[in-house]
Amino acid sequence: MTSTELTATSSGTSGTSLRIPGPATPYQGDIARYWDGEARPVNLRLGDVDGLYHHHYGIGEVDHAALGDAEDSESEKKLIAELHRLESAQAEFLLGHLGDIGRDDTLVDAGCGRGGSMVMAHQRFGCKVEGVTLSAKQAAFANNRARELRIQDHVRARVCNMLAMPFATGEAAASWNNESSMYVDLQDLFAEHARVLGVGGRYVTITGCWNPRYGQPSKWVSQINAHFECNIHSRREYLRAMADNRLVPQAVVDLTPDTLPYWELRATSSLVTGIEDAFINSYKDGSFQYLLIAADRV
Ligand SMILES: C[S@@+](CC[C@H](N)C(=O)[O-])C[C@H]1O[C@@H](n2cnc3c(N)ncnc32)[C@H](O)[C@@H]1O
Ligand SMILES: CC(C)=CCC/C(C)=C/COP(=O)(O)OP(=O)(O)O
Ligand SMILES: [Mg+2]
């Protein structure tokens, strides 16, 4: 084994051992380590609600009737369930922009995390869903969940760089990034999506981006970058890199007002991580936006 290779158990479907390339850059090594070591209660306890483990944020109105009052001994549990409901609503919203997907299609989740969106996609469309993540721990977690749900023949995560995915040209009917595009160069990312998508395929992202109308990344945006070791791009950069790579936006939805209730609710919970104010302040001062972009591969 060379210094740039490591051996890891692959999808887990057969238990075979595969030789997979190591991180393409030192930065990707940092990100792999970050996600291998991540075990925040705000993610694990929400996932425990129904077995869908997400690493993205929520959208939609809070259902105040579903929350307990201060005297309710179940209030913590109810709040966690509500935050999780909003995160799953976010994933459903993304999946709703993938277009007509048939059972024989293949979908690609670029930066799949613990696989919650992949499971939802399979349950919705009945199709094959392939995910890639830099983290061997996340891939193993996602594959373990797929086995528990007996959908391992359709849902699989691999340890792989999303800028060089193990899929044939034109293999995917649709592909997405759910809060994972801030870890890569957008020109490189969209060139790779354009390759794996057939002409007529659909690409969707939900992302946080800085707003060119504000001027430059605000201190809150810089704080979010430092917190997650990521590099948030601007809205302008997304649209330009898509245009450069045969991805033509079909819908651009500003989800900023829809995600604020999630953050305001999360800020009142016992699961706060310290980043809540940066999101709330930057969404409110207009320096940061939560966007869905759905694009046709032409
Ligand atoms: C915030 S999590 C989002 C996970 C998932 N999309 C979700 O919605 O739950 C970011 C993910 O991007 C992945 N990621 C970052 N850079 C990557 C790269 N170059 N190749 C593959 N995955 C990457 C991380 O490993 C992690 O799984
Ligand atoms: C919108 C932006 C800028 C997202 C950055 C990427 C990111 C870390 C998403 C959430 O992951 P998580 O669910 O692990 O984070 P947390 O622990 O805060 O819930
Ligand atoms: Mg989270």
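The shell around ligand 1 contains nine nonpolar residues, 14 polar ones and one charged one. In this count, Ala, Val, Leu, Ile, Met, Phe, Trp, Tyr, Cys and Pro are nonpolar, Asp, Glu, Lys and Arg are charged, and the others, Gly among them, are polar. Welcome to a short tour of this structure. The model is predicted, with local features needing pLDDT of at least 70 and side-chain atom pairs counting only at pLDDT 80 or more, while totals for chains, interfaces and linings use all residues. Residues are numbered from 1 along each chain as its sequence is written, and chains are lettered from A and ligands numbered from 1 in the order in which they are written.

**The two ligands**

Which residues come nearest to ligand 1? Of the 24 residues around ligand 1, they are G111, G113, N178, S180 and Y183. A residue belongs to such a group if its C-beta atom, placed from the backbone, lies within 6 Å of the molecule. Helices α1 (26–36) and α4 (116–125) and strand β4 each give at least two residues to this shell, and the largest share, three residues, comes from α1. The element names come from DSSP runs numbered from the N terminus: helices are H or I runs of at least four residues, and strands are E runs of at least two.

Around ligand 2 there are 14 residues, of which R40, H55, E179, G208 and F228 come nearest. Two helices, α2 (41–47) and α7 (219–228), each supply at least two residues of this shell. By class, the shell of ligand 2 has seven nonpolar, five polar and two charged residues.

**The sheet**

Now look for the strands. Seven of them form an open sheet with mixed pairing, in the order β5-β4-β3-β6-β7-β9-β8. The edge strands are β5 (155–159) and β8 (247–254); each has a single partner strand, so one side of each is left without a neighbour in the sheet. From one strand to the next, the twist averages 20°. Strands count as paired if DSSP finds at least two bridges between them.

How many bridges join β7 to β9? Strand β7 (residues 197–210) and strand β9 (residues 288–297) run antiparallel and are joined by nine bridges. One example to find on screen is W210, whose bridge partner in β9 is F288.

Helix α6 (residues 186–196) lies across β3 (106–110), β6 (172–178), β7, β8 and β9, and runs at about 150° to β7. Axes here are lines fitted to C-alpha atoms, for helices over the stretch in contact, and angles run from 0 to 180 degrees between N-to-C directions.

**Helix against helix**

Two packed helices are described by the angle between their axes and the distance between the axes. The axes of α9 (residues 256–266) and α10 (residues 276–285) come within 10 Å and cross at roughly 150°. That makes α9 and α10 roughly antiparallel. Angles under 35 degrees count as roughly parallel, over 145 as roughly antiparallel, 65 to 115 as roughly perpendicular and the rest as oblique. The meeting residues are T256, L260, W263, E264 and R266 of α9 and E276, F279, I280 and Y283 of α10. Residues are in contact if their C-beta atoms, placed from the backbone, lie within 7 Å.

Helix α3 (residues 75–95) also meets α9: their axes come within 10 Å and cross at roughly 155°. This angle makes α3 roughly antiparallel to α9. Here E82, L83 and L86 of α3 touch Y262, L265 and R266 of α9.

Helices α6 and α8 (residues 235–244) pack at an angle of about 40°, with their axes 9 Å apart. They are therefore oblique to each other. L186, Q187 and F190 in α6 meet E237, Y238, A241, M242 and D244 in α8.

The table sorts each contact by residue class.

| α6 and α8 | five residues | one residue | two residues |

Notes:
Contact = placed C-beta atoms within 7 Å.
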